[in-house]
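Biologist: I am new to this structure, and I would like to ask how its descriptions are reached. Could we go through them one by one?

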Amino acid sequence: MRWSTILKKIKQFLRSNQLQYSKKYIRPMMTPESVYVFKFGKEELNNRVIIKYTHTWTGRIKINEIDLRLHGQQSPRIFHRENELLAYLKKHLTEQDGVKDIKR
């Protein structure tokens, strides 16, 4: 499975609500997990989605954890599925985050 298909829903959600985003791949040295970071926001990219994943022995990607930090939170919200994250974002993104007419 490729990242384009796994994170497709997140990317579509951000685009449909006119939010800018940047993405970055990180490979930590001391852990077997890889990390993919999305930064997003209306003008400033001050919100983050951090996806920690590993590869199975067949080569497929297994998502272990999705962390969400809205506008600089120190302790993240943790999700195990992309759908749970999207449901949370639809409820909690406000005008403060740069979203006026969110498509719920």
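Modeller: Let us begin with a definition: buried means under 20% relative accessible area, exposed means over 50%, and partly exposed lies in between, with a 1.4 Å probe and protein chains only. This is a predicted model, in which local features need pLDDT of at least 70 and side-chain atom pairs count only at pLDDT 80 or more, while totals for chains, interfaces and linings use all residues. Residues are numbered from 1 along each chain as its sequence is written, and side-chain values use heavy atoms, with hydrogens and water left out.

Biologist: What makes Tyr21 count as buried, exposed or partly exposed?

Modeller: Tyr21 has 24% relative accessibility, which falls between 20% and 50%, and therefore Tyr21 counts as partly exposed.

Biologist: How many aromatic pairs does the structure hold?

Modeller: The structure holds three aromatic pairs, where rings of Phe, Tyr and Trp (its six-membered ring) pair if their centres lie within 6.5 Å, and planes under 30 degrees apart count as stacked, over 60 as edge-to-face and the rest as tilted. In one of them, the centres of the Tyr21 and Phe38 rings are 5.4 Å apart and the planes stand at 80 degrees, so this pair is edge-to-face.

Biologist: What is the pair of Tyr36 and Phe38 called, and why?

Modeller: Their ring centres are 5.7 Å apart with planes at 85 degrees, so that pair is edge-to-face. Tyr21, Tyr36 and Phe38 form one aromatic cluster.
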